[in-house]
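Visitor: I have a model to go through with you, and I would like to ask about it piece by piece. Could we put it on the screen first?

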Amino acid sequence: MIQSYLKLLGLLYILWDVAVSSFSEILMGSIKFTRYRRSQQLCMKCGVCVSIVKCPGDTNCIGCSSCYLACPFEAIIPEEVELVSREIPIWINDEKVFVPEGITLKIALELLGYEFVKFPLDVGPKKIYAPCETGGCYSCAVLVDGILAPLCHTAVRENIKINLDVSNVEPLRIVESFIPHTVGGVGTPWWIKGKGYIEVACFAAGCNLRCRTCQNFTITYRSLGKPMTPQEAAELLTKTRRRYGVDRLAISGGEPTLNRAWLVRFFKELKRLNPDTKARLHLDTNTTLLTRDYIDELVNAGVTDIGPDLKAYTLETFKKITNITDDTYARKYLETSWDAVKYMVDNYYPDTLFVGIGIPYNREFYKDLEELAKFGEAIARINPELQVCVLDYRAEFRAQTLRRPTIEEMLTIKKLLNDVGLKTVIVQTYLGHFGP
Ligand code: SF4
Ligand code: SF4
Ligand code: FES
């Protein structure tokens with residue numbers, strides 16, 4: 001009796017297996033897809049694409065584009081292909097849907113009608129915020145089988161369960177290099193620079209800009225490493241403060257403001273761990289995502305110093321420096337950064353917030369010096385007392401032929417900015433900083 005029962009079960013299993021296999025064969029699909037491959041001719045074997053990028057593709061490229069964006073020698077080549085693959089079931093908020101195998105969850109959701117946006121105010125129904133797209137910031141992270149993982153950097157798998165609501169989940173972010181500094185950033189008051197260690201800093205992965213001159217590109221494009229909770233990062237930075245005996249605690253990047261929930265909790269926790277009045281909590285930022293309510297939230301969380309890096313005065317130069325080619329985003333980023341500086345200065349400077357502005361200089365970026373003079377005038381109209389640090393942009397990352405400005409050139413720029421009304425101009429040179 002038992003034997004015939006087992007035979008029947010075996011038969012049913014074979015029938016089921018055949019049915020499923022045929023079903024799978026029917027569910028084959030093809031999509032247009034960009035995959036990335038290393039060019040042996042262009043590759044300089046620098047190792048960046050394997051030492052900072054955690055390829056989510058296992059053995060095949062699933063189109064995340066992280067290695068392509070991180071390669072300093074532009075040796076990773078995009079290829080438009082027709083991807084023919086099995087359609088597999090996945091679950092989104094308990095709804096079963098079918099998507100092609102061999103792609104990222106972000107691409108899968110795009111095929112299902114979701115849009116990914118790179119400006120916080122554009123988020124809405126079926127519009128998900130994904131500003132870095134390189135797996136570092138975790139702004140796009142959702143619960144994947146109960147674990148927080150970035151949509152832009154996770155492969156689809158058969159029957160995985162995705163929960164898009166992460167409002168009650170502890171945020172994560174990749175943060176690196178908890179180190180002491182002798183100079184600090186543009187938001188560090190000039191009069192304390194150069195006196196031994198003055199600040200401890202950590203660096204958050206992921207950025208919404210694509211500057212070819214990125215000085216921290218191994219942080220910016222990093223997806224390798226264990227992501228941290230805000231508490232873990234705040235504790236480690238506080239320990240670093242104690243170890244080096246300084247009063248300033250900073251976060252830079254990459255772009256720290258990308259993951260708002262993470263950053264606000266990080267500063268709250270930093271404030272809780274450093275309640276003394278000497279502690280200064282410093283945010284270094286490109287300012288392109290700092291809306292007014294975000295600034296209020298950061299100040300309430302305990303931020304005391306901000307270093308906004310204003311990339312440009314004109315849209316044309318902003319696009320050239322940041323390599324943001326989309327006009328709509330470039331305009332939003334530029335307008336947001338100027339509005340943010342005016343808002344923080346009008347409402348919080350100098351008593352609640354120290355603001356020190358960074359501006360880039362290399363003559364290749366500017367139409368003429370008149371443009372730079374207008375840049376300085378616009379800052380002076382906000383407040384002529386503001387500390388302005390001019391950064392000498394040089395050969396970095398993908399801009400290997402850029403010539404570093406000479407000291408004479410930087411001192412000319414300093415005089416030009418003083419002449420248009422700015423009282424506190426510092427210029428960065430290869431011999432150090434020249435202050436007011
Ligand atoms: S980052 Fe670019 S140049 Fe460096 S090893 Fe990878 S492909 Fe080669
Ligand atoms: S890192 Fe991303 S783009 Fe590069 S090979 Fe892996 S999946 Fe493809
Ligand atoms: S947008 Fe996905 S990790 Fe930053």
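Visitor: How do the residues of the shell around ligand 2 divide into nonpolar, polar and charged?

Guide: They divide into 9 nonpolar, 4 polar and no charged, where Ala, Val, Leu, Ile, Met, Phe, Trp, Tyr, Cys and Pro count as nonpolar, Asp, Glu, Lys and Arg as charged, and the others, Gly among them, as polar. Before going further, please note that this is a predicted model, in which local features need pLDDT of at least 70 and side-chain atom pairs count only at pLDDT 80 or more, while totals for chains, interfaces and linings use all residues. Residues are numbered from 1 along each chain as its sequence is written, and chains are lettered from A and ligands numbered from 1 in the order in which they are written.

Visitor: Which residues are closest to ligand 2?

Guide: The closest are Cys 55, Gly 57, Cys 61, Cys 64 and Cys 67, out of 13 residues that surround ligand 2; a residue is near a molecule if its C-beta atom, placed from the backbone, lies within 6 Å of it. Helix α3 (residues 66-70) gives the largest share of that shell, 3 residues. Helices here are DSSP runs of H or I with at least four residues, strands are runs of E with at least two, and both are numbered from the N terminus.

Visitor: And what surrounds ligand 1?

Guide: Ligand 1 has around it Arg 38, Cys 43, Met 44, Lys 45, Cys 46, Gly 47, Val 48, Cys 49, Cys 71, Phe 73, Ala 75 and Ile 76. That shell divides into 9 nonpolar, 1 polar and 2 charged residues.

Visitor: How is the chain divided into domains?

Guide: There is domain 1 (27-163) and domain 2 (175-434), with bounds that come from an automatic or database domain assignment. Across the boundary, 22 residues of domain 1 are in contact with 22 residues of domain 2, contact being defined by C-beta atoms, placed from the backbone, that lie within 7 Å. On the side of domain 1 that touches domain 2, the largest share, 3 residues, comes from α3, and the residues of that side divide into 13 nonpolar, 6 polar and 3 charged. The C-alpha centres of the two domains lie 30 Å apart.

Visitor: Changing topic, which strands does β15 pair with?

Guide: β15 (residues 387-392) pairs with β14 (354-361) in the parallel sense over 6 bridges, and with β16 (residues 424-429) in the parallel sense over 4 bridges; two strands pair if DSSP finds at least two bridges between them. Cys 389 in β15 is the bridge partner of Gly 358, and Cys 389 also stands opposite Ile 426 in β16.

Visitor: In the loop between β15 and α12, is Phe 397 buried or exposed?

Guide: Phe 397 counts as buried, because it has 21 C-beta neighbours inside 10 Å, and its phi is near 45 degrees, a positive value in a residue other than glycine. Ala 395 has its place in the loop between β15 and α12 too, but counts as partly exposed, with 13 C-beta neighbours inside 10 Å.

Conventions
Two residues are in contact if their C-beta atoms, placed from the backbone, lie within 7 Å. A residue is buried if 20 or more other C-beta atoms lie within 10 Å of its own, exposed if 12 or fewer, and partly exposed in between; C-beta atoms are placed from the backbone.
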